[in-house]
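Please read the following note with the sequence and the model at hand. Each point takes up one part of the chain.

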Amino acid sequence: MLESRLDNTIYRLGFAPTRRSARQLVVHKHIMVNNKTVNIPSYSLKSGDVIQIREKSRKLEIFHNSMRRVNSDNPTPWLKIDKAQMRGYFENYPEREQIIEPINEQLVVE
């Protein structure tokens, strides 16, 4: 569920260097989901959603620096990226085995 948050997806796609900056980019309306501007970092993405940088925001240096850092066209199995168009695709919800973060779910529950 946390992997479907918009701010986390922006970070995973490589549009932002940190999750905190990804959150700020969303709040400042630099991000569009399915051709609509979204400014809610906790926005929950659905399978098939298209995430892109607004046309006016594509000139910002933070996006160009972040795109240079992305070294693959497939950052995670559930996301696809088109660096030339500054566009990402939320393919589906990830399975627990696909998430590489060292998380102990039992500690979260307790």
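Which residues in α1 meet which residues in α2?

1. On the model. This is a predicted model, in which local features need pLDDT of at least 70 and side-chain atom pairs count only at pLDDT 80 or more, while totals for chains, interfaces and linings use all residues. Residues are numbered from 1 along each chain as its sequence is written, and side-chain values use heavy atoms, with hydrogens and water left out.

2. The contact of α1 with α2. On the α1 side, Leu6, Asp7, Asn8, Ile10, Tyr11 and Arg12 meet Arg19, Ala22, Arg23 and Val26 of α2; contact means heavy atoms within 4.5 Å. By class, this contact has five nonpolar, one polar and four charged residues. Here Ala, Val, Leu, Ile, Met, Phe, Trp, Tyr, Cys and Pro count as nonpolar, Asp, Glu, Lys and Arg as charged, and the others, Gly among them, as polar.

3. The geometry of the pair. Two packed helices are described by the angle between their axes and the distance between the axes. Helix α1 covers residues 6-13 and helix α2 residues 19-27; they pack at an angle of about 120°, with their axes 8 Å apart. That angle makes α1 oblique to α2 (under 35 degrees counts as roughly parallel, over 145 as roughly antiparallel, 65 to 115 as roughly perpendicular and the rest as oblique). Axes are lines fitted to C-alpha atoms, for helices over the stretch in contact, and angles run from 0 to 180 degrees between N-to-C directions. Helices (H or I, at least four residues) and strands (E, at least two) are DSSP runs, numbered from the N terminus.

4. The covering of α1. Seven of the eight residues of α1 are buried, namely Leu6, Asp7, Asn8, Thr9, Ile10, Arg12 and Leu13. Buried means under 20% relative accessible area, exposed over 50%, and partly exposed in between (1.4 Å probe, protein chains only). What covers these buried residues includes α2 and the strands β1 (31-33), β3 (49-53), β4 (79-82) and β5 (87-90). Gly14, which follows α1, has a positive phi near 95°.

5. Two loop residues with positive phi. Most residues other than glycine have a negative phi. Lys29, in the loop between α2 and β1, has a positive phi of about 65° although it is not a glycine. Lys29 is partly exposed, with a relative accessible area of 40%. Asn35 lies in the loop between β1 and β2 (36-37), and its phi is also positive, near 65°. At 60% relative accessibility, Asn35 counts as exposed.

6. Lys80. This residue is in strand β4 and counts as partly exposed, at 32% relative accessibility. The C-alpha atoms of Lys80 and Glu91 are separated by 7.1 Å, with the two residues eleven apart along the chain.
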